[in-house]
Structure formats: C-alpha cells, structure tokens
Amino acid sequence: MFLLACSTPVPVDTSAVVAPLDSSSEVADSAVSDTGDGCVDARDLSWESFGHGFFRTWCTSCHGEAAADRNGAPPGVDFDTEAQVETWVAAIRRTVIDDATMPKGGGVYDEDLALLDEYLRCGLGGGEEAGGSPSSPKAALTADEVGATIDTLFALGLPDATTVVETYMSMFRGRDSSCPGNDGYSLPGNFRGCQTAGGWIYAGVAGLDYLGSGSELSFDLWADCWISDDDGAMWIGAGDVEYNGTWADGEATWETELAGTFGYEASSTAWIAEVPSMVFSSAGRYGDGWEMSWSGSFSSDNEAVYLDQVSWTSTCPAGEGRVLLRGEDAYWYVVDLDACTGCGSVSFEGSQLGTTCVELAAAGADLLARSLPGDEP
Amino acid sequence: MAGYGRASDGACVALAADEPPGDTSGMVETASPNDTDAPVVLTPLSAPRLLRRISLDLRGVLPELAELDAVEADPSLVDTYREQYLYDARFSERFVQLLEERFHTTVDEYLVFYEEYRLDDTDEYRWERSIGEEPLRLMAWIADNDLPWTDIVTVDYTLADDMLASIWPIEREDGEGWQVARYTDGRPGAGILATNGLWFRYYTTVANKNRARAAALSRLMLCEDYLNRPVSFASAPSLADEGATEEALKTDPYCLGCHSSLDPLAATLFGFWTANEYNRHELDSYHPERELLGEELMDVEMSWYGEPLAGLQELGAAVASDERFAWCTAETWAELLWRRTVDNDDWSTIDGFRQDYLADGTVRAVLRAVTDSEEYRAAGDGEVGRVIGRRQITPALMSSSLGELSGLAWTWDGYDQMDNDSWGYRQLGGGVDGVSVTTVQSTPSLTWLLVVRRWGFAVGQTMAPDLSGEEVRTKLAELAWRLHAVRIDDEELDRLVGLFEAVEAASDEATAWGTAITVLVRDPEFVSY
C-alpha cells in the first residue's frame, strides 16, 4: 500500500536516486528540499494522507477502541484517531521504529518506517478526523412478523441427514445397465452426465458409505453431482452428509453433520423440495425420555434462518436457545427464547422489537421422528 | 532509436527518435544512470508519439492519420484529443484490458468445468472470459459512466452477458453484450466484492476459510499485499495440525501480525464460503445462511481493521471510506500507465494524483492526472532512472491496434489467440495469465518476437492494397506514419520500397505487401510506445 514494489521487482538503477536528505531517512523525493529540521518540504504527510492508513494497516486490529480481540493490547492504548497517536507518540517511536517490538510479528517495510518517522516528526497534528459512524439500520419487520417468517420456514421442516440420503438413494431407481453403470450408489465422475434409455441423467461424482442393519445406521455421503429424473426434475448434491446412530439397551443415540446444498425438486418432503443450502450439526438421545440439539443454518428462496445451540428435551419439548432470521438488508433478527416456552424477545442490531413465539416444539417433534436410527430392534 | 546525447551542461540526455533535447524547463530530474553527480533531464515525447501513447493506453488503437497530422502541426491539440479518447467508444474495452493486468481474473481454468454447465466445447472460451470479465466489466461501466469510483465496492448490481445470465442466478436487462444485472440469491450489494467473477478466481478452500480472499481484497483495494510481509514458521506447529494451527493464528506473534486483521475480514465473506469448492451449485449461488458462520468457525468478530462490521453489506462502505482506497486508486493507475511499480520516491506525485481523484471522485480524474504527468509524457530508450521511456506493446494492444487497422482477428476455434494460454499465445506474447505470470513482459523475448512477426505478415497480407509505382511509395510512407507516429525519412523509405519491389519481383504483390508491412510492424517504433 505504501508504494512498495510489488511481487515482481522491476530492475531499477539505484544510482539514479538522489542521495538521502536526512541520515535517518531512507527515502528521497526527487523534486523536494529539506526544510532544515529533517522534514521533506514537498511531502505532505498528514493523518489523512498517511497516518490513518498506516495505523489501520499495522495497528488498529488490536489497538482499536472497538476491536473485539485486542490480543493483549493494553486498554486505552488505541490509535483510531490522530489525537490518540499524539498521546502515545513516544511509545510508538520506541516500540515501532527504535525497538521493532511492534507490531507483533513485525513486517513493517523499511520505507514505511521512514515515512512513519517523518510523519511523527513533521506531519502529526492538525488533521481533521474522519466523519462519524454510519447510522444503524432500521428493522423492516415487527416482532410478530419475525416469528411468522420463522414459522413459515419451520413449517417446511428442519433439514435432516436421513432424508437427504434416502432421497439420494431413491434417485437411482431410474438407472439402467449402462448409466450410471454400477450397482451401488456412487457416480463415477462424468461431468457431462450419461443418459438412460428412460431419460434419466446422472452427472458428476458422488460416493456413499452406508450401513443400515438392525441396531445401527451410519452413512457418509459426499457429493458433487446432479441427477435429472425422467420429468426433468433435478436432484442436486453438493457437499457432505454424515450420520452415525445406534440402538443399544433400549436407547438410541445419534450424531449428524451436513454441509452443502442438497435437494430434489420433485420430493414430497417440503424442505428438501426447496433444495436448500445448509450447514448444521445435530445430536440426540431417545429412550427413557429424549433430548436433541440442532445447531446450524439453512436457507431457501433467499430466506435464511440460523439456530444457535437450540435444544429440546422430553421435559422441555418447546425447546430453548436462539433463533436468528436474516432480514432483507442482510442484517439479522435475533430471537432469544425463554427456556421451554417457545417464546422470547426479539432484537435487531441492538434494538428491542418486542416478543414473539415460534413453533419450535412442532419443528422439534418432526425432526425427532426423522432423526432416529430406524425403529427400535 | 536516437540513443543518448550530451546537453550543454554535460548532462547525459535521452533522445527520442525525432526529438532534439529542446526545452528542458520543468522536466523531472533524476540522477544520471551513468554519472551520479550530473542530473538527467527527461526529454518529452514528440506530440505525435505522445498522442500515439495516449491513444493506445486509453483506446487500444492507433491515432488516425488526420489526428497525427493535426498534433504535428499544433502540439497543443494533444490534450484535446486526450479528452476525446477518454470518452471514446473503445475506452471501456481498453479499460478492461488494463484491469486484467491488475486483477488477474481472466484465467483459463477455474475449480469447476464448463462441462458441468452442459455447455458445448465451442462455448468454453466464452464461458471462461465471461466469468473472469464480470468484475472488470462492472468497473469499466462505472468508469465509463463517470460514476463515483467508490461505487465499485458499493453498488447492488453487476454487469452480465447472456452467458452469465444463463448459468447464474441473475436477472439481466435486455440487450446485446454486457448489461446491468442483479443477483437474485439474496447477496448484499458490495460491487465487485459481491461478484462471482471475482471469487471464482480468488477461491478458498473449506480449511482456508476465505483468508485467501481477504488477502486478495487487501491487495486489490488497498494495495497492501499480506504475502509481502515476512513470516517465520520457526515456532509454529505443523500446518497439517489444523487445530494447533488455528490456535497459533490467535497466539503466535508472527501469525497475529497478519491474522489479527485478516481473519476478521475473512469472516465477512462467509456467504461465499462453499462446502465443496468444486461444485457449481455451491459456487454459483450466495449462501446467506452461512454469513454468521465465519465468526463461529474462526472465533473472531467481523471487523475492518478493528472497526466492527455486521457483514458483507457493510464491507463495501468500509472499503470506500478508507483513505487507503483512494491511495490505491492513484497508485494502481500510476503503475498501469507508467508501466512500472512505484515506491516511496514517488510519494508526492502519487499524493497529487490522489488529491485530483478525491476532488472529482471519478477514475477519469486519475487517468487525466497520470497522463498529464511529466513521467508519462517522457521519451527515452529503456529506463532512465525509474522512468520507462519506452513501453513494450502487449498482446492485447497488438490485437486491438492491428485488428482495428486491418480488420484482422487472430482466433482459433473461437479462442482469441492473444487472450488465452490454453491454445493461444497470450503469455508467449508477453501478456499476463493471472496465475503464474502476473506482470506484463517489459523487454523483448523470442516468443514475443515470433508473435510480432506473425501479426506483421498476417496484417500485411490482409491489408495489401492494389497499388503500383509511386502509389506504393506514398502508401508505405503513410503506413509508417500511422503505425509509428514518426515520419519515415527518405533513405529508409527508399530501402523499404526497394524491398517491396524485390519481393514482388520474386513472388507476388500480396507477398510484397506482407513483407513490407511486416518490417513496419516489427520496427521498434511500432512495438514500443
């Protein structure tokens, strides 16, 4: 950024550079003069032209008043404004220029250290600070509307791994002996795809490790594929799906993770017919009582919802946790659920909007039914 | 070339081919490359050669004969023509060519294949270029419409051709070629930072978590290249140990030097993070549900160098309001038009460009400022100090200038052979492929010469006029003037006509024209500017 030569050095005849004007400075501007105090006359190093950019590049990710992780930077030692830099100029000179102990890891180019030195001596102070913070966005939805929108998404059903894999496996009903050319549930990697006599198309690559026997169900599907049925409806698989579940001593436990885009346009299962994009993990136990967690997000038709550590139990079927809904301008509404009520306060960028209730209980019950590793043996 | 001469004070002076030392007042002075005590005075380009340089840089084509004649008679007309060229219909195309040298998005391969879009083989090149040019076309549109240059990171639209509209979730205005378009997948407006074209090129992996993209953003928008910073892995864990590596990024000082700012920036890009970076469905669409995932996976809060951000929707404004964006705008165009990298010795000059840009807000203001600079208008052979007095013609310029002159387009099976390396000669001709070669070639090479030769002969044969006798001499002189912006002297013209006649006698008229025009195209006065 500060005019350093980039990755491919240009051969420059250094003998063409005018001799340094100041013994402490490595830089020389060809049409300038020394004012006698080591300040280069024609170079207008100011907060606006140099300082703010320098301190942003090297310092404010830690030494910023609003920095979330200061990485050990002492409280109050901030360089967001020129006034703050003036306050700490001696420490800056010592740590950055003299001792090179800051920034952590070093890396400031020699040429920029020279400019910093000159700025601190000659350009510090007198600058105008930049304008204030941008205004906060306004909520477009009421608390009730947030709840209603979330319920619309919940009505589709929360995504689950088993439905993904079952739907995927069902798509092989259209195969013939030559396309995709195997007996299992894998696709060999033909990116143009092959077409069966019945009009099905299988394209891409996918592999499924599946074990379903009595008390155990596990699968691992990785996919970069699409399948078109004989009506032209598409199955899309892009990502990874894992599930491990067992029945033991009258109790089922399971864990699942999914990341990617999966769906089948013609599915009778509402959520998978939307072909959502999603990332989530879920786990549970069912037996004497039950408990389940689901954490992650999914989106369909540009509506996105994020469940942050949401959990249900048999004694708390309405669930608890946080549910976030993405607004039109990409800002998120946050519903902090009161434990086991399905209701909670709604906030938007720090402003409270009221309270709402969501059908988390119904969503949880539906998800539980689909998450079990099969029927109890 | 005229080489060097001595001015009256003994200073070593670079001379243009047709230019005496002349008035050196106001020239930029640097120390002589041969004598550290005596300063070297830069010689200004002649008006026709300057016009030629401006025309190539701003339009990609040679000046018309009448324009050369006009500035030869009245050099003050150069600036009038410069203003016309800034608004020429070909400005946008040339602007895209220049941006390619910087943004490196017009690559020949992506992580997905054209076959995955069920395109024919004949669509491959068009598919590659449509994707790579998307962010460049958006910037060119903003430049051409004199919109604030900060719009390149804030607008909620893009530019798309029919190819992109057919493969991506885009709604595009009706019309041929590149039209204003909008994504329909819920991505916020952030100009080129929200384009598939940029992120197809600057991809990330699941483990990389958008860090490479954040670094690219910093290099392109702030001219701050994280990869230039020194880093020591002496105390770092094995990079194969993902957990320990992630921990080191937050604790090891050498890691924190970059990652304290890089990771919070990367976290803003998680709507583009894919579960499978090789899948078109994951790459083609934005994933709004993943916007908050960066903070969770990277254990950071989204921020712009310490200033909290809510997400991509605020990233563009943060970039636009950052003082470094204006600096980088000035620096970028200085480098592209001066044809060299800049350093702190150029600080005051770049600051002047920056102030001109801030006073106006459009990128044309920077282009004017740079093309007004003494360095830009300087002549010289090779380098004089840091100044590049002669710039080597690029494959893109060969194509546009000779194409306009002759109507010839060098293509093969739909590929522009000056614009690809799969089947063509872009890199061989001195161009940038955006991956392994990221700066244009500045000195001749064997393959570059071969490309020039082929162009020369092909143009010559294509342009062969039906002339004879004295008309041949007149036409050759006219072609020399058009191609070089230097009046050919009688002695050289005699030699050229003699060559023409000898080849015509041994072969035919078309071959004679091909030969003679090849000589003109291979002349240093054509291949440099």
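## The largest cavity

About 110 Å³ of space lies in the largest cavity of this predicted model, where a cavity is, on a 1 Å grid over the protein atoms alone, a set of points where a 1.4 Å probe fits but cannot get out, with lining residues having an atom within 4 Å of a point, and where a volume is the space filled by probe spheres set on the points, which are joined across faces, edges and corners. By this rule the count comes to 9 cavities of 30 Å³ or more.

The lining of the largest cavity includes Leu99(B), Phe103(B), Trp149(B), Met221(B), Phe325(B), Cys328(B) and Trp333(B). Helix H4 (91-103), helix H8 (211-222) and helix H14 (323-338) of chain B each supply at least two lining residues, and H14(B) gives the most, with 5 residues; helices (H or I, at least four residues) and strands (E, at least two) are DSSP runs numbered from the N terminus. By class the lining has 10 nonpolar, 2 polar and no charged residues, with Ala, Val, Leu, Ile, Met, Phe, Trp, Tyr, Cys and Pro counted as nonpolar, Asp, Glu, Lys and Arg as charged, and the others, Gly among them, as polar.

## The interface of chains A and B

In chain A, 77 residues are in contact (heavy atoms within 4.5 Å) with 80 residues of chain B. The size of an interface is often given as the accessible area lost when the parts come together. Chain A and chain B bury about 6,600 Å² between them, 50% of it on carbon and sulfur atoms, buried area being the accessible area (1.4 Å probe) that two parts lose on being put together, summed over both.

The two chains are joined by 7 salt bridges, each a side-chain nitrogen of Lys or Arg within 4 Å of a carboxyl oxygen of Asp or Glu; one pairs Glu48(A) with Arg354(B), at 2.8 Å from N to O. Helix H1 (residues 47-58) of chain A gives the most to the side of chain A that touches chain B, with 8 residues, and the residues of that side divide into 41 nonpolar, 21 polar and 15 charged.

## A salt bridge within chain A

Over all chains, a search of the whole structure finds 61 salt bridges. In one of them, the side chains of Arg43(A) and Glu118(A) meet at 2.6 Å, N to O. Arg43(A) lies in the segment before H1 of chain A and Glu118(A) in helix H4 (residues 110-123) of chain A, so the pair ties together parts that are 75 residues apart in sequence.

## Backbone details in chain A

The peptide bond from Met102(A) to Pro103(A) is cis, with omega near -5 degrees, and Pro103(A) sits in the loop between helix H3 (89-98) and H4 of chain A. A cis peptide bond also runs from Cys179(A) to Pro180(A), with omega near 0 degrees, and Pro180(A) has its place in the loop between helix H6 (161-170) and strand E1 (187-195) of chain A.

Asp301(A), in the loop between strand E7 (289-300) and strand E8 (303-313) of chain A, has phi near 50 degrees, a positive value in a residue other than glycine.

## Conventions

Residues are numbered from 1 along each chain as its sequence is written, and chains are lettered from A and ligands numbered from 1 in the order in which they are written. Local features need pLDDT of at least 70 and side-chain atom pairs count only at pLDDT 80 or more, while totals for chains, interfaces and linings use all residues, and side-chain values use heavy atoms, with hydrogens and water left out.

Notes:
On a 1 Å grid over the protein atoms alone, a cavity is a set of points where a 1.4 Å probe fits but cannot get out, and a pocket is an open set with protein on both sides within 12 Å along at least five of seven lines; lining residues have an atom within 4 Å of a point.
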